[in-house]
Amino acid sequence: MTVESVQPVTPDASEPAEPPFARGAVPLLGHGWKLARDPLAFMSRLRDDGDVVRLRLGPKTVYAVTAPDLTGALALSPDYHIAGPLWESLEDLLGKEGVATANGSLHRRQRRTIQPAFRLDAIPAYGPIMEEEAHALGERWRPGETLDCTSESFRVAVRIAARCLLRGAYMDERAERLCVALATVFRGMYRRMVVPLGPLYRVPLPANLKFNRALADLHLLVDEIVTERRASGQKPDDLLTALLEAKDDNGDPIGEQEIHDQVVAILTPGSETVASTIMWLLQILAEHPEHAARVRSEVESVTGGRPVGFDDVRRLTHTNNLIVEAMRLRPAVWILTRRAMTDTALGRYRIPAGADIIYSPYAIQRDARSYPEHLEFDPDRWLPERAKDVPKYAMSPFGVGNRKCPSDHFSMAQLTLITATVASKYRFEQAGGSDDATRVGVTLRPHRLLVKPVEW
Ligand code: HEM
């Protein structure tokens, strides 16, 4: 036997390596029990085990990406599609032909249809509705009363999305119904994703019946909106008109099911994410009165005391930084998934075709390797001279690449207007019975935030 033949084979450094398994797997359940028990802490610890790690979730192996540069590479690579357990359960409930779950040429065509409604130069047309809705909140709330932030935030988020994108007077009453339906659907959807009990959800228990009614009402509402718009013969310059006029790759009108699924696919992510972010902003204004006071004085210096308007948004830089910092520490979207379409690699790691991949914006945005004083709430870290030190892709609350949220400008404009309007009118205190612990669902939000507005 020659000496060479007993040498261990050294892996070729240029060949992608198998990612290590994360520590802490237990027999049978693997890492699943830790992920289910405390998903945020679990995802946040994974980077200590590697930039890409393998997880055992029951019988399945899932890949987790933990380093910011590799999440960017993942989102930008054509080797991965939107898929995985999160999206499959969404598709079953919400439809298979909407932009959030489609892939390939269907997705490209759908993005081309919806994109004009979200372009930077389209946003000013929504200004008057955003202003009206933000000021209506200030008017609705009375000093000293207890506000249920969940319903208030949902309400304003749904109203703005529905009134801006599906314009029409008929929207007012429907926006309320949409709110109720969406809130119930999201609660039930998360339960069905993390506890996939399949047939048990068909048993006619009160919770299942409530969920089914809400889901049916959501689909019915969308049908009503589409039918009424058609019957009106009107074609305002909005997203709904763009969808109704859209053509497929052969130049034929797109089908009814696709129109329906598209409206659902835009309204659902649009309301839950914005509503969760508004809840966190109210929690932060209550927790950090010093930052609330800075927002108020910025608004005063920009407006000189008149009501804040859409045209002020771009000058409210501290308010913007406060929102970005809120989204860093309390991101609405805390987990994203992809599936490898081919044998491929991420950094120096091998990813096999068919692999499900997860990554967590929550973990990436709280990583001490990317942020000094990483858990400190510090809006000034977004001042240009400091923001330049943040590693690339360490802060991407709207995602990256071809699946990037189309609504980044739309969302930031409304969040800035709402924050500026309510913080210049009131400071906030948490009310008795409030529970601001993080509730993990499809999005992250406070369990049950109750606040009292107090006049400055
Ligand atoms: C604070 C507010 C929001 C946040 C943080 C947010 C975040 C995100 C993220 C991270 C993605 C990318 C998912 C991925 O890469 O897998 C996404 C996609 C999407 N978002 Fe948003 N979003 C927000 C508001 C909205 C609003 C208001 C709308 C619509 C009215 C919307 C519609 C969509 C759609 C349709 C997609 C799918 C895009 C595609 O797959 O091509 N989002 N969002």
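The centres of domain 1 and domain 2, taken over C-alpha atoms, lie 29 Å apart in what is a predicted model, where local features need pLDDT of at least 70, side-chain atom pairs count only at pLDDT 80 or more, and totals for chains, interfaces and linings use all residues. Residues are numbered from 1 along each chain as its sequence is written. Domain 1 comprises 1–96 + 334–396 and domain 2 comprises 110–333 + 402–456, with bounds that come from an automatic or database domain assignment.

Where the two domains meet, 25 residues of domain 1 are in contact with 26 residues of domain 2, contact meaning that the C-beta atoms of two residues, placed from the backbone, lie within 7 Å. On the side of domain 1 that touches domain 2, at least two residues come from each of α3 (39–45), α5 (85–94) and α15 (361–365), and α5 gives the most, with 5 residues.

Strand β1 (residues 52–57) pairs with strand β2 (residues 60–65) in the antiparallel sense over 6 bridges, two strands being paired if DSSP finds at least two bridges between them. Within that pair Arg 56 stands opposite Thr 61 in β2, and in the hairpin, which has 2 residues between the strands, Gly 58 takes a positive phi near 60°. β2 also pairs with strand β8 (residues 356–359), here in the parallel sense over 4 bridges, and Tyr 63 stands opposite Ile 357 in β8. β3 runs antiparallel to strand β5 (residues 336–340), to which 2 bridges join it, with Tyr 80 opposite Ala 340 in β5.

The shell around the ligand draws at least three residues from each of domain 1 and domain 2. Of its 26 residues, Gly 270, Thr 273, Gly 399, Cys 405 and Ser 407 come nearest, a residue being near if its C-beta atom, placed from the backbone, lies within 6 Å of the molecule or strand concerned. Two or more residues of this shell are given by each of α8 (149–165), α12 (256–287) and α17 (408–425), and the largest share, 7 residues, comes from α12. By class, the shell has 18 nonpolar, 6 polar and 2 charged residues.

Helix α17 also holds Leu 417, which is buried, with 24 other C-beta atoms within 10 Å; a residue is called buried at 20 or more such atoms, exposed at 12 or fewer, and partly exposed in between, with C-beta atoms placed from the backbone. Leaving aside neighbours within four places in sequence, Leu 417 is in contact with Met 130, Glu 131, Ala 134, Val 308, Phe 310 and Val 313.

Note on methods:
Nonpolar A, V, L, I, M, F, W, Y, C, P; charged D, E, K, R; others polar.
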